[in-house]
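Trainee: I am new to this structure. Please take me through one part of it closely, and then show me what else to look at.

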Amino acid sequence: MNRSSFIQQAIGLGPQWQARSGWFEQHPAELDRQAMQLAQQQSSQPPTTDTVAIPAPAAVTNVHMPTPAMVTSETAAPSTLDAALAAAGVTDHLEQPLSSPQPLVELGWDQLEQAVANCQNCQLCHTRTQTVFGRGNPRARWMLIGEAPGEQEDKQGQPFVGKAGQLLANMLAAAGLDREHDVYIANVLKCRPPGNRNPAPEEILACSTYLQQQIRHVQPTLILALGRFAVQTLLQTEQSIGKLRGQLHQYQGIPLIATYHPAYLLRNLPDKAKAWQDMVLAKQHFSRLSS
Ligand code: URA
């Protein structure tokens with residue numbers, strides 16, 4: 001795709017994310033969009049038709065990932081637009097590698113996947129075999145968010161395919177959820193940290209726009225955040241899973257349940273019972289939210 005067609009798509013002349021009809025007209029993201037439209041109509045300024053970033057909700061609690069600023073094709077600083085173009089694989093205008101970690105333009109799903117595949121926002125691009133975007137049904141009502149690809153995930157390009165993934169699949173099946181149809185699974189990081197070390201803060205920051213945009217596309221009814229890095233990143237807290245589990249949180253208005261990471265459960269078998277309680281709690285809230 002060249003620069004001009006990318007911009008055309010990004011400003012709404014091509015495929016673009018839209019809230020679904022029906023129940024999701026009541027989704028917080030859609031309500032925020034409507035509120036913003038109303039505010040624009042009420043202001044004396046003409047509505048910005050070339051807006052390509054979705055604004056942060058007005059009343060946001062517990063937001064941990066950086067929120068993209070409003071970016072328009074007119075107002076985007078060249079570096080911002082360049083970063084987004086490059087992240088989407090539009091390289092016909094750009095000879096230097098990315099220096100900005102944050103592409104701020106809201107991308108369509110396929111463009112987002114392409115941007116992740118081409119990403120050079122942090123050092124992990126030098127050691128990965130491939131990026132791991134996500135897996136499952138992008139229209140699922142459940143979204144599961146893990147930490148980062150491990151060795152097997154890096155090899156296969158899919159999240160949760162190793163032993164932890166098998167445990168996760170078993171837990172989902174026990175809860176009556178099919179991992180390909182009922183859930184969408186993504187990670188905080190899209191690239192494997194070498195040796196499966198913990199994600200570094202700058203890597204989480206560099207990758208944050210991708211997860212943020214994935215969540216906005218999927219618009220899940222409920223997020224199940226798996227493990228410390230997912231939970232702390234989404235809830236912008238340093239509290240432990242032990243303190244955060246057992247209650248309903250919110251990520252940008254989307255209900256979120258915190259639970260242990262499957263890899264942790266493989267090493268700490270007694271906590272499997274607690275993880276199961278978390279799954280039961282998540283199912284109860286999901287039923288309530290869907291009724
Ligand atoms: N652990 C994660 O958090 N994600 C994966 O994809 C695999 C293991």
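Mentor: Helix 6 passes helix 11 in a right-handed crossing. Keep in mind that this is a predicted model. Helix 6 covers residues 163–174, and helix 11 covers residues 272–290. Their axes come within 11 Å. They cross at roughly 45 degrees.

Leu-167, Met-171, Leu-172 and Ala-174 make the contact from helix 6. Across from them, helix 11 brings Lys-272, Ala-275, Trp-276 and Met-279. Sort these residues by class. Seven are nonpolar, one is charged, and none is polar.

Helix 4 spans residues 109–117, and helix 7 spans residues 201–218. Here too the axes come within 11 Å, but the crossing is at roughly 160 degrees. Angles over 145 count as roughly antiparallel. Helix 4 and helix 7 are therefore roughly antiparallel to each other. Helix 4 passes helix 7 in a left-handed crossing. Trp-109, Leu-112, Ala-115 and Val-116 of helix 4 make this contact. Helix 7 answers with Tyr-210, Gln-213, Gln-214, His-217 and Val-218. By class, this contact has six nonpolar and three polar residues, with no charged ones.

Finally, turn to the ligand. Gly-146, Glu-147, Ala-148, Glu-153, Pro-159, Phe-160, Asn-187 and His-261 surround the ligand. A backbone N or O atom of Glu-147 lies 2.6 Å from a ligand oxygen atom. For Ala-148, a polar backbone atom is 3.1 Å from a nitrogen atom of the ligand. Asn-187 uses its side chain: a polar atom there lies 2.8 Å from a ligand nitrogen atom.

Methods:
Residues numbered from 1 in each chain as written. Predicted model: local features only at pLDDT ≥ 70, side-chain atom pairs only at ≥ 80, totals over all residues. Heavy atoms only, no water. Axes fitted to C-alpha atoms, helices over the stretch in contact; angles between N-to-C directions. Helix = DSSP H or I, 4+ residues; strand = E, 2+ residues; numbered from the N terminus. Parallel < 35°, antiparallel > 145°, perpendicular 65-115°, else oblique. Left-handed = near helix turned anticlockwise from the far one by under 90°. Contact = heavy atoms within 4.5 Å. Nonpolar A, V, L, I, M, F, W, Y, C, P; charged D, E, K, R; others polar. Near = heavy atom within 4 Å. Polar contact = N/O pair within 3.5 Å; in protein donor to acceptor, adjacent residues only side chain to side chain.
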